[in-house]
Amino acid sequence: EGETSGPAVQVVGTVALQRVSDEVAELRRMTVSKAHRGYGVGAALTRVLIDHARAAGFKRVMLRTSAARAAALELYYKFGWKDVHVYKDGAVERHTMELEL
């Protein structure tokens, strides 16, 4: 008794939402393990984050990323994020993006 025979639980990705103001939240540190990329984990985490932000009453979600994270940037564009500020930081192109909820 007390033993389970189901599959072990494994964390394959994480995401955090940080309150910036009453109306704005920031997506912080979305990460998917290398072994689980390409399976829709990032999209699932993004959907959950957006749903949670709406339920919490936020009007916008912002994020910061870089062009070096091409797959993440593509995912954000697919979900409707818009660039509000793009700039060079040395050789790296950085993006500040927002999603209207």
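Here is a short walk through the salt bridges of this structure.

The model is predicted, so local features need pLDDT of at least 70 and side-chain atom pairs count only at pLDDT 80 or more, while totals for chains, interfaces and linings use all residues. Residues are numbered from 1 along each chain as its sequence is written, and side-chain values use heavy atoms, with hydrogens and water left out.

Let's begin with the term itself. A salt bridge is a side-chain nitrogen of Lys or Arg within 4 Å of a carboxyl oxygen of Asp or Glu. Searching the whole structure turns up six of them.

Look for Arg28 and Glu26, a pair whose closest N and O atoms are 3.7 Å apart. Are these residues buried or exposed? Here buried means under 20% relative accessible area, exposed means over 50%, and partly exposed lies in between (1.4 Å probe, protein chains only). Glu26 is buried at 8%, whereas Arg28 is partly exposed at 30%. Both belong to a network of salt bridges that also includes Arg64.

Now move along to helix H2, residues 70-78. Helices are DSSP runs (H or I) of at least four residues, numbered from the N terminus. Lys78 and Glu74 both sit in H2, four residues apart, or about one turn of the helix. Their salt bridge brings the closest N and O atoms to 3.4 Å. Lys78 is exposed, at 64%, and Glu74 is partly exposed, at 47%.

Finally, find Asp89 and Arg94, whose side chains meet in a salt bridge of 3.0 Å, N to O. Asp89 is partly exposed at 41%, and Arg94 is partly exposed at 29%.

Methods: Helices (H or I, at least four residues) and strands (E, at least two) are DSSP runs, numbered from the N terminus.
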